Amino acid sequence: MIIDTHTHLLDVGHWPDEWWDWVAADWARAKPGRTPSSVRGRIEQGLIDPTGARMISRMDGAGVDKSVLLPIDWGPDFTGTRPIGAVVDKMLDLADRSGGRLIPFGGIDPRRDGAVEMVTEWFERGIRGLKLYPSCGWDPTSDAAMEIYQVCEVRKAPVLFHTGHPLPLLDAERSNPMHLQNAVLAFPDLPVWLGHAGAPVWWSEALKVAQSGPNVRLEMSVWLWDDSDADAELEFTRKILEAGESIGFDRLLFGTDHVSGSKVRQPDFLDTIVAMYRRIPEHAERLGRTISAEQLSMIMGGVAAHDLGIAI
C-alpha cells in the first residue's frame, strides 16, 4: 500500500488574500509589462481542485492508494480566507465521497478562541489527525498549543508539523524542528510527523528531534522534486539510510507535497516522485548498502497505516 502523507487539496478561499497578492506581484515581476492586477484574479483557479477528481486521477496513475489531505489554518494574522471550520468541512466531505482514498486532517491555529473544542468536534466527525503550521505566527510550546497536543495524544492521532522552509510571507525561524523538541518530550505517546523533515536546511535538526521520542516520524516530502537529477536521488538515499540506521526505517514516511490544481504541479509530478522512491534500493546498492523490500514498503505506506489505524 502506498500512502502519500503530505498533500493539499484546495478550493476557492482556502488561502488568504495576502498569499494571492504576493503571487500576483511575483508573477508580474517575471514578465515586462505585466501588472499584478492583470493576473491577480486568475491565479487561484490554477491551484484548486474542488471535487478532488484531479487528485484521485493522478493517484490512480501513480499507483497511490491513499492521500492525506492537509488544510492550513493561516491564523488571525491573515485575511480573506474562508473560516477554517469550513475548510475542514470540505476535507471531511471530499474524504467521505472518495471511498476511503482521501484521509482528512484538520488544521488549527491554537490562538483561536475555542480551538480545543473545535478540534475535539472534528475528531468526533472523522478527522484522522492535525496539520499544524507554527510559521503562521504561533509558539509551538505555548500552553494553548500543548492543550491541542493533549487532545491528539489521547486519541493517538498524528500531528504533522510544517518544518523547513515555509511558504512566502511566513516566519521561517518558527519552522526549525528544534522548536518542537520540548513538545515531543512532553507527549511521548503522540505520533509526531515532522513535515518535510526540515527540508532543505534543517535535516540534522529534524533527525535530532526524531531521536528524542519513539513516536516521531520524518515525513520526507520535497527533499526530492520532479526535476531532481540522479545525484539528488543518491543524496536523498543517503538521508534515508542515515535515518534508517539512526531511528529505524519504520520511522520514515513517504510524502510528496502534491497539490492537484491544474497549474501548480506538472501532470506527471506524482508518477515521477513515486518512481524516484521505488529506485531507493537501487541507489542504496550503489552506496554499498541495502534497503529491503519490506523496509521500502514501510516507508511507502506501512508506517502511515500503523499511525492512522489502517489495515494493510
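Me: On a 1 Å grid over the protein atoms alone, a cavity is a set of points where a 1.4 Å probe fits but cannot get out, and its lining residues have an atom within 4 Å of a point. The model here is predicted. Which residues line the largest cavity?

Reply: A search of the whole structure finds one cavity of 30 Å³ or more. The largest cavity has a volume of about 50 Å³. By class, eight of its lining residues are nonpolar, two are polar and none is charged. The lining consists of His8, Leu9, Leu10, His14, Trp15, Leu70, Pro71, Ile72, Val87 and Met91.

Me: Which residues lie nearest the centre of the largest pocket?

Reply: The space in the largest pocket comes to about 400 Å³. Its lining divides into 13 nonpolar, six polar and three charged residues. Of the 22 residues that line the pocket, those nearest its centre are Leu167, His196, Trp225, Asp257 and Arg265.

Me: Why do the buried residues of H5 lie on the same side of the helix?

Reply: Helix H5 spans residues 115-125, and its buried residues are Ala115, Val119, Trp122 and Phe123. They lie on the same side of H5 because the arc they cover around the axis is only 100°.

Me: Which exposed residues does H5 carry on the face turned away from its buried side?

Reply: The buried residues of H5 pack against helix H4 (84-96), strand S4 (106-107), strand S5 (130-132) and helix H6 (143-155). The face turned away from that buried side carries exposed residues, which here means over 50% relative accessible area. These residues are Glu117 and Glu124.

Me: What is the phi of the glycine that follows H5?

Reply: The residue after H5 is glycine 126. Its phi is positive, near 125°.

Me: How far apart in space are valine 119 and valine 151, C-alpha to C-alpha?

Reply: Valine 119 is part of helix H5, and its relative accessibility of 0% is why it counts as buried. Leaving out residues up to four places away in sequence, it touches Ile108, Ile127, Leu130, Ile148 and Val151. Valine 119 and valine 151 are 32 residues apart in sequence, while their C-alpha to C-alpha separation is 7.9 Å.

Me: Which residues have the most contacts inside the largest nonpolar core?

Reply: In soluble globular proteins, nonpolar side chains tend to be buried together. The largest nonpolar core here has 72 residues, and those with the most contacts inside it are Tyr149, Leu218, Met220 and Tyr277.

Me: Which element gives the most residues to the largest nonpolar core?

Reply: The core in question has 72 residues. With seven residues in this core, the element that gives the most is H4.

Me: Which residues does tyrosine 149 touch, not counting residues up to four places away in sequence?

Reply: Tyrosine 149 is one of the residues with the most contacts inside the largest nonpolar core. Beyond four places in sequence, its contacts are Leu132, Trp138, Pro140, Phe161, Ala183, Phe187 and Leu190.

Me: Is glutamine 181 buried or exposed?

Reply: Glutamine 181 has its place in helix H7, residues 181-186. Not counting residues up to four places away in sequence, it touches Lys208, Val209 and Ser212. Its C-alpha atom is separated by 8.6 Å from that of alanine 210, which is 29 residues apart from it along the chain. The relative accessible area of glutamine 181 is 17%, and the cut-off is under 20%, so glutamine 181 is buried.

Key:
Residues numbered from 1 in each chain as written. Predicted model: local features only at pLDDT ≥ 70, side-chain atom pairs only at ≥ 80, totals over all residues. Heavy atoms only, no water. Buried < 20%, exposed > 50% of the residue type's maximum accessible area, 1.4 Å probe, protein only. Helix = DSSP H or I, 4+ residues; strand = E, 2+ residues; numbered from the N terminus. Arc of directions from axis to C-beta. Contact = heavy atoms within 4.5 Å. 1 Å grid on protein atoms, 1.4 Å probe; cavity = no way out; pocket = protein on both sides within 12 Å on 5 of 7 lines; lining within 4 Å. Points joined across faces, edges and corners; volume = space filled by probe spheres on them. Nonpolar A, V, L, I, M, F, W, Y, C, P; charged D, E, K, R; others polar. Core = buried A, V, L, I, M, F, W, Y, C linked by side-chain atoms within 4.5 Å.
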